[in-house]
Amino acid sequence: MRAREPDRTGWAEQDGVRTYWEEFGTGPVTVLFMGTFPVVDGRQWKGQVPYLARHYRVITIDPRGNGRSDRPVGAEAYGDEVYARDALAVLDATGTESAFLVALCSGIKWSLLVASAAPSRVRGIVAIAPGVHPLAPHPSPLEPVDAEHWRGAFDDWADYHTEALLAEPHSSKVFDDLVEWTHQTDAEVLTARTHAALKPSTEDEALELARSVTCPVLVVHGTEDRCQPLDRGRRLADVLPRGRLVVLEGTGHVPHGRHPVRVNTLIKEFVDMNAPTVAPASTWLFARNRPRRALWVCSPIGLGHVLRDLAIARALRDEVPDLRIEWLAQSPVSEVLAAHGEIVHDASVDLASESAHWESEATDHELHAFYAFRRMDEIFCANYMLFDDVVRETPYDLWVGDESWEVDHFLHENPERKIAPYAFMTDVTGFLPVDPTGDPREADLCADYNSEVIEHLDRYPYVRDRSVFIGSFDEMPNASMGRGLPNVRDWSQRIYTSVPYVVPFDPSEFRRPAALRRSLGYGTGYPLYVAAVGGTAVGHNLLELIAESFALVRKEQSDARMVLVTGPRIAPGSLPDVEGMEKRGYVEDLFAHLACADAAVVQGGLSTTMELVAARRPFVYFPLARHWEQQQFVAHRLDHYRAGTRMDFATTSPPDLAAALITAGTTRPAYRPVRRDGAAKAAAQLAGLVRR
């Protein structure tokens, strides 16, 4: 799922060949992202578009030969001057008088050609890894696709070429993206481009072209670029009348993919410097008069995080009464926060939807959570950049992130962006493969991700001022994080401070189900079942199974009732009607309804299952298939508490579930107790950062 969909799309036609473009955002300043050597399309800029489109009008191009653009035949259709004319055609088609151009590699030549031929239409250029070949020799050029030993082996060449572009470790997602985009074209197109007419083709032509460009140009080049040597970028910056060079130490050819935060800030600083606009009025408050403020980033995957965060926030206010907490949160979490009277930051509406992404990745009752997490990279980047904007507009005394993976990752990748005390909280740490035998690459990727996190925290321990694990370390599986890496539990004990699991209620107040049922209007004297699947739409198939199963329960227990809670993202009307079953959408204080049930049936999420453990109610749970957290971390924790009956959706029939529910309803749980001071202990960890 994309972090931001285009507001407008279209094609610009030149000599019968169509070039596809997309437009995002509005404003007086336009940034045009150019195409490049056609192994990629406009999606190569996915780390930049959502962020910059909040500030400018942004246009991307699929270069001819890739994406949705045409693929003409013959080298004459892929010359440098042809691509430059395509860019001008896009400016015309989109009604753009002038723009800042951002380009990679070959796209820099096309940008220079446009700026030279139509100087009034180019306000500035950001040139990433310039591919102006005549300016400096390449000691070891990459092999073209039509080299003898690559003929008939396009897949192998795509891997070779992509690997050469990425010098940095832990670049597997960028690698996969580049390979996928390369396979959108073919060897014939790339061969045609390789043998197309170059412009400039000589050193003199290159110098003349560069010197003719009068707009400002920012050259960005990595020291480990194997595609375009740094000397080309250095010389271009020297020759340009208004050139400036930024060297990225240790980076390869695709810094906008591998280091999007740094590239984004460079682009925005350059555009703002060269397109002055009237800044909105601002007020500076003397530091001693500023109120204490905290920014809280709450995970939107389900609703369990927000309820525990509210409990911790209440305890934190007891410790620091004058603390103003602002929440950066998205739907459905933002609605819950607003209902509790919390302050939801206005910028929250611009967050890219993580819940929608997870729902788009699920099929039936299966969600490969690790791969879904990987494919959320552009959403993570977009949401981090929003966070980065927010914390630079307002001085905060504390940042709190409850499984704010995007904030944590990009702060460790860019530790200089940290400007306030920061606490990270989680109830899960480390990726574990769900099918290491059937999918060995998953095991390698999990280990690579784990290795990166370990390296981050070892190298920059000061980025996190607190690392808080919600629960005891005994509740974690002591599985290996990968070959040569520590075990999950051993490593977590070194990094985290453990606090008792946080539930949003006092378990001692929910030990009399009959009284609770009466207070909620259910009454007594009949079996009551409650079903819930969390705050996303992933559980729709499970709800259908539950409804069908409850119809069978009614045949055994004619007076039985069920409350089927669909959550905020599933319409109750989309489920079948069953006699004795009440369908509800979002239910405030769902834990109370679960606590008065004779038995519950839920998905395998941690928050809901632990609320049932704390309330000591019997339950059946269905972990999502291929979901590493539910299959391993949650299941291990529930085993630790000796709680719940685990079932598999794929192998469970309605009669199986009906029997399990009836059995659970007659069971007297003997769970380990859940401590009641988790929220207070977590709050104490945070309060120390504000008061120190």
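The legends below describe close-up views of a predicted model.

In this predicted model, local features need pLDDT of at least 70 and side-chain atom pairs count only at pLDDT 80 or more, while totals for chains, interfaces and linings use all residues. Residues are numbered from 1 along each chain as its sequence is written, and side-chain values use heavy atoms, with hydrogens and water left out.

**View 1. Helices α16 and α17 cross at roughly 60°.** The axes of α16 (residues 405-413) and α17 (residues 440-459) come within 10 Å; helices are DSSP runs of H or I with at least four residues, numbered from the N terminus, and axes are lines fitted to C-alpha atoms over the stretch in contact, with angles from 0 to 180 degrees between N-to-C directions. The contact (heavy atoms within 4.5 Å) joins His409, His412 and Glu413 of α16 to Glu452, His456 and Leu457 of α17.

**View 2. Phe154 and Trp157 form a stacked aromatic pair.** Rings of Phe, Tyr and Trp (its six-membered ring) pair if their centres lie within 6.5 Å, and planes under 30 degrees apart count as stacked, over 60 as edge-to-face and the rest as tilted. Here the centres are 6.1 Å apart, with 20° between the planes. Phe154 is buried at 15% relative accessible area, as is Trp157 at 2%, where buried means under 20% (1.4 Å probe, protein chains only).

**View 3. Phe373 and Phe380 form an edge-to-face pair.** Their ring centres lie 5.1 Å apart and their planes stand at 70°. Phe373, with a relative accessible area of 11%, is buried, and Phe380 is buried at 8%. Both belong to one aromatic cluster, whose members include Trp405 and Tyr449.

Definitions and conventions
Helices (H or I, at least four residues) and strands (E, at least two) are DSSP runs, numbered from the N terminus. Buried means under 20% relative accessible area, exposed over 50%, partly exposed in between (1.4 Å probe, protein chains only).
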